[in-house]
Amino acid sequence: MTSAPSRHQAVHDAAASGYPTAIADLGGLVRIPSVAFPGFDPADVERSAEAVADLVRGTALFKTVEIRRASIPGTDEIGKPAVVARRAAKNGRPTILLYAHHDVQPVGDEALWDSPPFQPTVRDGRLYGRGAADDKAGIMVHIGALRALKEALGADFDLGVALFIEGEEEAGSRSFATFLSENADVLRADVIVVADSGNWDSRTPALTVSLRGNTRFTMRVRTLEHASHSGMFGGAVPDAMMAAVTLLSTLWDADGAVAVDGLTERDAETPEYSEETLRDEAGLPDGVRPIGRDSILGRIWNKPSITVTGIDAPSVVNASNTLSPEVAVVISARVAPGQDAREAYSAIEAHLRAHAPFGAELEFFDQDFGNPFLVDTTGWAVADARAALEQAYGPAPVDMGVGGSIPFIADLVREFPGAQILVTGVEDPHARAHSPNESLHLDTFRHALLAEALLLEKLDARTLEG
């Protein structure tokens, strides 16, 4: 039997030698504009799924690699294609489920990109392109780690592996719960790695141990039966834009903190994080002040936030001297760990109805919900993951909260209640996921690939009790 130090070194060497191929394969995935949003070509998402399936088949570790879909509850629609594969565990070893997603965000205004968004470009130690970090790099960490494990230990290692590469995460994972239920036998595992988060910085790894939840909805504000001339009636008749702006302003206090009764906060310590770091990582200009109170990371990790992410109103180019009869806004709220997302939505809706000015009529629709998540950090898988991260990166990992949301984790917990869930990732604070000039820090990717390969090696040596 190969000794543990020899196994460790063999995996380390295999991960290092496999890095160039993994980066090349990542570039191939980035070239596919796999946006799963309505209005974008669904053939690109299909092509992306096929490309991922081919990479998984190329590992020669799975007898069957399939592209599957599930229905979207409450509709006649079918979800986007996901790639699944499974190999059985042997000799009492655990099974690990590796999750990532192959769909990406829309690029937005291409003029804001310094290089074409679907042409992978390396500059200053970073790979630029839509999906380079979120989350096609997560796919290649999984595939690269499996390749390294196979090269180091041989194809007959004992660890069980399930693979789930989703195709609609950025578009809301609308078929996720159905997909889990219909494919539970393929996806069931003792440990689940969700490779869709980030790290403390470009040198220091992290395990994400808390995630805010989210609720997103559209609100229509109506004050008139039809548009009217602003000169003839302005000053006596409330237009919808005036009512909407007045109403929305009540969601925050003078410091910019959320001012909605019924939204809760989590009481938890956070690491030191300076305003200077916030300005650098968020792109906050010198003359603009941060919002909220108390520690900066506490505001981001443990408190709710509310953002208006879209408004349907007359555009600047089409502006006229008219009182608008109605305005629609999209509101996105982040929910603190410990509060149910539907409860948070109810509090926000109640606040808006109570503060509607001038008797404005409100309509709420297109609600989405995702619950927060707190990781149980007492399990053996967390200990193995921390050890693997430190061995790969050098610095010890940070237990990190994230202000963003991964709503489907609640579905994983419900479907596989006994599984230990690890939330990892390849992003650093400058990755700009969802924004123009998204990029992947190449050294972070190198370390993440090695860390996951070492985690797989540790689990391959672990025998489940009972």
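Colleague: So a salt bridge is a side-chain nitrogen of Lys or Arg within 4 Å of a carboxyl oxygen of Asp or Glu. With that in mind, where is Asp134 in this model?

Modeller: Keep in mind that the model is predicted. Asp134 is in the loop between strand E5 (126–128) and helix H3 (136–153).

Colleague: Why does Asp134 have no salt bridge?

Modeller: The nearest side chain of opposite charge belongs to Arg130, and that is 7.3 Å away.

Colleague: Let's go back to salt bridges. How many are there?

Modeller: The count is 25 salt bridges. One of them joins the side chains of Asp54 and Arg57, at 3.0 Å from N to O.

Colleague: How far apart along helix H2 are Asp54 and Arg57?

Modeller: About one helical turn, because they are three residues apart in helix H2, which covers residues 42–58.

Colleague: What about Arg174, which residue does it form a salt bridge with?

Modeller: With Glu77, and the closest N and O atoms are 3.4 Å apart. This pair links distant parts of the chain, 97 residues apart. Arg174 is in the loop between strand E6 (160–166) and helix H4 (176–182), while Glu77 is in the loop between strand E1 (65–68) and strand E2 (82–87). Arg174 is partly exposed at 41%, and Glu77 is partly exposed at 41%.

Colleague: And Asp428, what's its partner?

Modeller: Arg126, with the closest N and O atoms 2.6 Å apart. Here too the pair links distant parts of the chain: Asp428 is in the loop between E17 and strand E18 (439–441), Arg126 is in strand E5, and 302 residues separate them.

Colleague: Buried or exposed, those two?

Modeller: Both Asp428 and Arg126 are buried.

Colleague: Which residues are linked in a network of salt bridges?

Modeller: Arg7, Glu457 and Asp460.

Colleague: Changing topic: how many cavities of 30 Å³ or more are there?

Modeller: Three. The largest cavity holds about 160 Å³ of space.

Colleague: What lines the largest cavity?

Modeller: There are 17 lining residues, and Leu389, Thr424, Ala448, Ala451 and Glu452 lie nearest its centre. Several elements each supply at least two residues of the lining: strand E7 (191–198), strand E8 (206–211), helix H11 (380–393), strand E17 (420–427) and helix H13 (442–460).

Colleague: Last one: where is Ile311 found?

Modeller: In strand E11, residues 305–312. Ile311 counts as partly exposed, at 47% relative accessibility.

Colleague: What does Ile311 touch, not counting residues up to four places away in sequence?

Modeller: Val327, Ala328 and Val329. As for Val330, its C-alpha is 6.4 Å from that of Ile311, and the two are 19 residues apart in sequence.

Methods. Residues are numbered from 1 along each chain as its sequence is written. This is a predicted model: local features need pLDDT of at least 70, side-chain atom pairs count only at pLDDT 80 or more; totals for chains, interfaces and linings use all residues. Side-chain values use heavy atoms; hydrogens and water are left out. Helices (H or I, at least four residues) and strands (E, at least two) are DSSP runs, numbered from the N terminus. Buried means under 20% relative accessible area, exposed over 50%, partly exposed in between (1.4 Å probe, protein chains only). Lys and Arg count as positive and Asp and Glu as negative; His and the chain ends are not counted. On a 1 Å grid over the protein atoms alone, a cavity is a set of points where a 1.4 Å probe fits but cannot get out, and a pocket is an open set with protein on both sides within 12 Å along at least five of seven lines; lining residues have an atom within 4 Å of a point. Grid points are joined across faces, edges and corners, and a volume is the space filled by probe spheres set on the points. Contact means heavy atoms within 4.5 Å.
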